[in-house]
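Subject: Structure for your files

Dear colleague,

Please find the structure below. My notes on it follow.

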Amino acid sequence: MADTERLQSARDKALALEKVVNTVVIGQQKAIRLILIALHARGHVLLEGGVGVGKTTLLRAFSKALGGAFGRIEGSVDLMPSDLLYSAWVDGEGKPVIDPGPLIAHGDDTAVFFFNEINRARPQVQSLLLRAMAERSAEAFGKEYKFPHMVVFADRNGVEKEETFELSAAARDRFLFEIGISNPEAVDDRKSLIFDSKFHDVDELLSGLSEPLLDYTELNALDKDVQHAVFVSQEIEDYIIRIWDATWKPQDFGIDIPDVFMEDLVVAGASVRGMSAMVRAAKVSAWLEGRDHVLPDDVHTVLFATLTHRVFLSPIYEGRREQIMPQFIAALRDHISAP
């Protein structure tokens, strides 16, 4: 099959997956598209959202549609790094038994791994996960376990602040996207989630995904094909560089936010890794839209998710981060002239 035909076939499958997931998790079209982009750009994702908004259901739906295994662990203050790698218990005969932990249990069959409330886990646990994310491997039982197809999703407890350990700047930069999951805005969607009984039983709801729609083992190679096939013009390159510079010195680009002294706002802007991640994601966005070149709309599609967690604010503004960052990223989009 020619490269163009293969990419078109892969795109058709990706859009079919998106359509099916949108029937299982309703009212989250934007988040679902971003997760689809992350999976094809092979990037890890931070999820932001309250309790009970459907994050786990969403990830289980994607995992089932990919055909791979789904791993999960709950963050807690007493969680140890070893808990990711193995669990020990005593059987009915009083003999000790050691089983593989959730990170390595499925090995190279792992497609999605979900770390719930990662900020409730100690930095040592976070560090092990970050290493696994970067290397897609871990050592346990005297051997190396590889999970080359794994994409990690993590969410933070944003309500309870006691016994939490916020991710460091370097840790946050390891995630391709930060995606917000909130209650649906459309009244009909909200009514369906509350009153339609089919959304009350997650296992039954996901049983409709009987056949994998994508082969998770093909995504690494597909990502390389997409990155080579989609073109970034000189004008778009210059536009992205201007955005990058503005994340460091917004005052030089006429960006202003009410009640914020812009010269003191930013401690550090986006990293090289962050900007290259944005380009990778923008290429996938263009491919999903059926184009072989990146437009400003593709950059805008991934702008918030890529940069929100990568611009580091001074301490006097960090406490207002949730209010300031949407305004800041919107100002980057609106004030920097696009080609």
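I start with charge: the mean positions of the 36 positive and 52 negative charges of the chain are 1 Å apart. Lys and Arg count as positive and Asp and Glu as negative, with His and the chain ends not counted; each charge is placed at NZ of Lys, CZ of Arg, CG of Asp or CD of Glu.

On the source: this is a predicted model, in which local features need pLDDT of at least 70 and side-chain atom pairs count only at pLDDT 80 or more, while totals for chains, interfaces and linings use all residues. Residues are numbered from 1 along each chain as its sequence is written, and side-chain values use heavy atoms, with hydrogens and water left out.

Overall form

The chain has 14 helices and 11 strands; these are DSSP runs numbered from the N terminus, helices being H or I of at least four residues and strands E of at least two. Along the principal axes, the C-alpha atoms fill a box of roughly 70 × 55 × 50 Å.

Of the 339 residues, 49% count as buried (buried is under 20% relative accessible area, exposed over 50%, partly exposed in between, with a 1.4 Å probe and protein chains only). The chain exposes about 16,300 Å², and carbon and sulfur atoms supply 52% of that area (Shrake-Rupley method, 1.4 Å probe; for residues, only the protein chains shown count as cover). Among contacts in the chain with a separation of 6 or more, 75% are between residues 24 or more positions apart (contact means heavy atoms within 4.5 Å).

Strands

β8 (residues 151–155) has five of its five residues buried, so the strand is largely enclosed by the rest of the structure. Both of its faces are covered, with V151, F153 and D155 on one side and V152 and A154 on the other. β8 runs parallel to β1 (residues 45–48), joined by three bridges, and V45 has F153 as its bridge partner. β8 also runs parallel to β5, with four bridges; here F113 stands opposite V152. Strands are said to pair if DSSP finds at least two bridges between them.

β5 (residues 110–116) pairs with β2 as well, in the parallel sense over six bridges, and T110 is the bridge partner of A69. In a regular strand the side chains alternate between the two faces of the sheet. In β2 (residues 69–74), A69, G71 and I73 form a covered face, whereas F70, R72 and E74 form an uncovered one.

Individual residues

Most residues other than glycine have a negative phi. E117 has a positive phi of about 55°; E117 lies in the loop between β5 and α5 (123–135) and is buried at 17% relative accessibility. R136 also has a positive phi, near 50°. R136 sits in the loop between α5 and β6 (137–140) and is buried, with a relative accessible area of 17%.

D99 belongs to β4 (residues 96–100) and is partly exposed at 29% relative accessible area. Leaving aside neighbours within four places in sequence, D99 is in contact with L85, Y86, S87, W89 and F141. D99 and F62 are 37 residues apart in sequence and 26 Å apart in space, C-alpha to C-alpha.

Regards
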